[in-house]
Amino acid sequence: MNIVPIILLMLCASEAALGQFQLQPQNLTVLQGSTAHFTATVQGTWEVMTWTVNELLVLTFRVNGDTSSSEPQFGAGFCSSGDTSCVEFTISNTTRSRAGTVVCMVQGDFGSKTSRLYVEESGTVNISGGTVMVAEDQQVELECVTSGWFPSPTISWTLNGRTADSSLYNSSSVAHGDSFNTTSELTFRAVRNTTVECLAAVTSLTKPRSSSVFVVVDPKPPDWTVLISIVVSFGGAALLVLLIIGIVFCCKRRKEKQPSYQDEIR
């Protein structure tokens, strides 16, 4: 009897059974303090499901809804009432110590699936100093410092709500314990009153953390040089015209006063 087809059939059946079990998402990034959600979908009959975080068994979930967890932080339940094919596993108040592998195993022929959990941390953002007062066209230099972030945040700046060109600032980060501190320096020319904002972000943040200052610009005094030059030019031209008119008028009057030849004969 040729057993090769039988072995192949058994392998295919095994792969099909394993393929009926899915764990989503495969990679999840959350902010420290938030809740991480994983969903296991099982097509077929099952009884017991276990969840392991960083190789530690943290929760056992049964098809009848009974749950046994090592800590209140871990929870599980059906995605919708009465639907045993979908189970949601949660890690509330997530900390960075929970980052790593999350493994769901369904007893029987379903096997296990693995996902990866990443936990980020947001810290503080601060622009040194308060309101800045400068003269018009003066170079303004501002420094933004972030502390206690993981991983190192992405820094950007805005001027009156518009994103500043990356050529106007440079940023550098250094490790500080298990987090990162970042310094960003912005340089721009002040031409008007400006609200300057420094923004720091990591992928799990729905909105960047920010700090802002107001730059007050003192306008330059009016430059009278051009106006004076124009006035002098027009004044000189006007005087020249008046002088010419005066000379013509005088010559005409003198000519009218001179007696003609016939008048002399008389």
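This chat goes through the disulfides of a predicted model.

Visitor: How many disulfides does a search of the whole structure find?
Guide: Two disulfides turn up in the predicted model.

Visitor: What does Cys79 pair with?
Guide: Cys79 is joined to Cys86, with an S to S distance of 2.0 Å.

Visitor: What about Cys86?
Guide: Cys86 has a relative accessible area of 13%. Buried means under 20%, so Cys86 counts as buried.

Visitor: On to the other one. Which residue forms a disulfide with Cys144?
Guide: Cys198 does, and the two sulfur atoms lie 2.1 Å apart. The link of Cys144 and Cys198 is left-handed, with -80° about the S-S bond.

Visitor: Where in the chain are Cys144 and Cys198?
Guide: Cys144 sits in strand S13 (residues 139–149) and Cys198 in strand S18 (residues 194–201). The pair is 54 residues apart and links distant parts of the chain.

Visitor: Are Cys144 and Cys198 buried or exposed?
Guide: Both Cys144 and Cys198 are buried.

Visitor: What pattern do the disulfides follow?
Guide: Counting bonded cysteines along the chain, the pattern is 1-2, 3-4.

Visitor: Different residue now. Cys104, buried or exposed?
Guide: Cys104 is buried, because its relative accessible area is 0%.

Key
Residues numbered from 1 in each chain as written. Predicted model: local features only at pLDDT ≥ 70, side-chain atom pairs only at ≥ 80, totals over all residues. Heavy atoms only, no water. Disulfide = S-S within 2.5 Å. Buried < 20%, exposed > 50% of the residue type's maximum accessible area, 1.4 Å probe, protein only. Helix = DSSP H or I, 4+ residues; strand = E, 2+ residues; numbered from the N terminus.
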